[in-house]
Amino acid sequence: MVQFDTTNSTAADRRKLWVNGVEFATGGSAPTLDAEYGFNNNYKISIGSALTSGGSANNFSDCYLADYYFIDGQAKEATDFGAFDDNGVWQAAAYSGTFGTNGFHLFDFANETGIGDDSSGNDNDFTV
């Protein structure tokens, strides 16, 4: 899980990363306070790759995405999406909060034929 919150007054808390419920240091310099970036700013969103200046996908990720949530306008914690079980193993849980105006939830495996369909209620569907 990645949390990106440029409105946070603490520079080290503007970008956070969790893997299986464990927070990792992100390294590098923190995003500038109140900075705006391309994601959620009327740009094409490409999941699992970077985009060239011409809008073509490249630099594909080598990973497995089990779920993909984008929560617009809220800084969530890993515990909003799962918890550790009695054996200390991270278990994902369905998110039950709000998504904001541009938020979406993809990879809802209840409907495998519509992998790009947004199940958040915002109808922000993606082209596969």
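What volume does the largest pocket have? I read about 1700 Å³ for the largest pocket. My model is predicted, so I kept its rules in view: local features need pLDDT of at least 70, side-chain atom pairs count only at pLDDT 80 or more, and totals for chains, interfaces and linings use all residues. Residues are numbered from 1 along each chain as its sequence is written, and side-chain values use heavy atoms, with hydrogens and water left out.

**Pockets.** A pocket here is an open set of points on a 1 Å grid over the protein atoms alone, where a 1.4 Å probe fits, with protein on both sides within 12 Å along at least five of seven lines; lining residues have an atom within 4 Å of a point. Volume is the space filled by probe spheres set on the points, which are joined across faces, edges and corners.

I found 44 residues lining the largest pocket, and the closest to its centre are Met1, Val2, Gln3, Tyr69 and Phe70. Strand 1, strand 2, strand 6 (68-70) and strand 8 (90-92) each give two or more residues to this lining. Strands are DSSP runs of E, at least two residues, numbered from the N terminus. By class I noted 26 nonpolar, 13 polar and five charged residues. Ala, Val, Leu, Ile, Met, Phe, Trp, Tyr, Cys and Pro count as nonpolar, Asp, Glu, Lys and Arg as charged, and the others, Gly among them, as polar.

The second largest pocket holds about 200 Å³. Its lining is Ile47, Leu106, Phe107, Ile115, Gly116, Phe126, Thr127 and Val128. I sorted these into six nonpolar, two polar and no charged.

Strands in the order 1-2-3 make an open, antiparallel sheet. Two strands pair if DSSP finds at least two bridges between them. Strand 1 (2-4) and strand 3 (22-24) are the edges, each pairing on one side only. Three bridges join strand 2 (residues 15-19) to strand 3. I checked Val19, and its bridge partner in strand 3 is Val22.

**Gly27.** Gly27 sits in the loop between strand 3 and strand 4. I logged Gly27 as partly exposed because its relative accessibility is 44%; the class lies between buried (under 20%) and exposed (over 50%), with a 1.4 Å probe and protein chains only. Arg15 is 12 residues from Gly27 in sequence and 9.5 Å away, C-alpha to C-alpha.

**Confidence.** Mean pLDDT (the predictor's confidence in each residue, 0 to 100) is 84 for the protein, and 93% of residues reach 70 or more.

Notes
Helix = DSSP H or I, 4+ residues; strand = E, 2+ residues; numbered from the N terminus.
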